[in-house]
Amino acid sequence: MKKFFEDIKKDIKFKSAGPGKKLTEDTSARPEPVHSSTARPYHAPSEGAQRAGAAALARIEQQHKPKVHTSHDTIRNQVKRELEAEAAALAEKEKPDTAEGSQVKDPSSLSVSGVYFTCPLTGATLTKSEREVHIKEAIFMRFEEDAVEASVMMMHTFNKDRDKVKAAVDIISKYVDNICKNPSEEKYRKIKLSNKVFQEKVRCVEGSREFLEALGFISTSLPVEGQEEEEFLVLPEQSSDDLELMKERRDRLQRGEPVRAVLDRQPQALRPSPNAQRFELPPEFYNLSAEELKKEQQQRSDLVEKNSMLRTKVMREKDEQRERRKYNYTLLRIRLPDGNLLQGTFYAWDRLTTLYSFVRESLVDGWQPFELIAPGGQKLQESEDVALAECNLVPAALLTFAWDAAVQADIAAAGGKSPALLKPELLEKIQTLS
């Protein structure tokens, strides 16, 4: 067998002049026929075998070696591919579990189709699984307009560990301070990439190198005493105006904040309905698996039974807190004096001030004082720093709106009219609850 492969190697000469070259038979290297009764007959590789070998060689030769990214377009394309894969995996993970016994709700029966977000950079409406991919792509698009702004966004958005980001920002700020204080000192304008501090504190933070390049640093290989050349980031000598601009860009980095998608509250006006207290929510509202959702009804029944027993206030509050942690979002409806309803989506841990602001922005005369009353008659005080979940307003609730009685009495005494309610743009799209 060994001799067989040796013969094959001699018969076929692999040309390495370039991909796509055909393998050619080398007749000069072919051994003379062996006239022996024990020798196996020798067959030269067929033309098809040669073509297959040539294709295999071409594939090997065409494999790309890892390259250092030298343009933002290349980086953006690579990140886009990675993010698309992440988004697909996240969307797959977030698919509702259809285990045996669970039922998928009819979308037409839902009180709201889902939870949506708005990108602050593009204004696009996004699902939860689309947020991260879209925002990262939007940030990369900013490089064409303002590389400093884009790299600041990268550092503060792409990295989850805020302590690491702060450490990198502090070190880069120190680089800038040293350059501005010693503009003629070349050593302050060179950053050795193999430097331990740079490796551990700066390089590991996405966007840090892009920010340094936006400041004007250039990648350069420089000789190092007793070693081979190493990569440095080198900043050309700066004018006084350039130094002032560097300080301004450093300040922008220090003030940077993560770019986050904003929850779309989906304000919706609804006509008066006897079904105002009925809610059918999509899975996104729950911080639960499908199996846990199946058990929720039983747990609620158990809770009612527990409440009928003699239990301390601390015990009841602990159970209520455990119950509230099940929900990420809440859908609230506010019944107005004319019977119409105002509906909006909120985080379970939004404060009461957020709810009041939402209602006020939806009214024609939002400047007038009003009250919101929770189920059971509890008045919700805007001044209280309390979360919606802490007011038992999750995962959904129907509230009652009331104008301040004293103010309305003064308006009536002065011969004024009752204030208008919802803004025209909401009433134009009013819907009927099914």
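In which strand does Arg333 lie? In this predicted model, Arg333 belongs to strand 10, which covers residues 329–335. Arg333 is buried but takes part in no salt bridge, and the nearest side chain of opposite charge, that of Glu280, is 9.7 Å away; a salt bridge would need a side-chain nitrogen of Arg within 4 Å of a carboxyl oxygen. The side chain of Arg333 does have polar partners: it makes a polar contact with the side chain of Ser111 at 3.4 Å, and it reaches the backbone oxygen of Arg278 at 2.9 Å.

Turning to the helices, two packed helices are described by the angle between their axes and the distance between the axes. The axes of helix 4 (residues 131–141) and helix 5 (residues 147–158) come within 8 Å and cross at roughly 155°, which means that helix 4 is roughly antiparallel to helix 5. The crossing in which helix 4 passes helix 5 is left-handed.

The backbone also deserves attention, given that most residues other than glycine have a negative phi, and most peptide bonds are trans. The loop between strand 13 (379–380) and strand 14 (396–403) holds Pro395, which is joined to Val394 by a cis peptide bond with omega of about 0°. Asn392 is also found in the loop between strand 13 and strand 14, and this residue, although not a glycine, has a positive phi of about 60°; Asn392 is partly exposed, with a relative accessible area of 47%. In the loop between strand 8 (262–264) and strand 9 (268–270) sits Gln266, another residue other than glycine with a positive phi, here near 50°, and Gln266 is partly exposed at a relative accessible area of 21%.

Notes: Residues numbered from 1 in each chain as written. Predicted model: local features only at pLDDT ≥ 70, side-chain atom pairs only at ≥ 80, totals over all residues. Heavy atoms only, no water. Helix = DSSP H or I, 4+ residues; strand = E, 2+ residues; numbered from the N terminus. Buried < 20%, exposed > 50% of the residue type's maximum accessible area, 1.4 Å probe, protein only. Lys, Arg positive; Asp, Glu negative; His and termini not counted. Polar contact = N/O pair within 3.5 Å; in protein donor to acceptor, adjacent residues only side chain to side chain. Axes fitted to C-alpha atoms, helices over the stretch in contact; angles between N-to-C directions. Parallel < 35°, antiparallel > 145°, perpendicular 65-115°, else oblique. Left-handed = near helix turned anticlockwise from the far one by under 90°.
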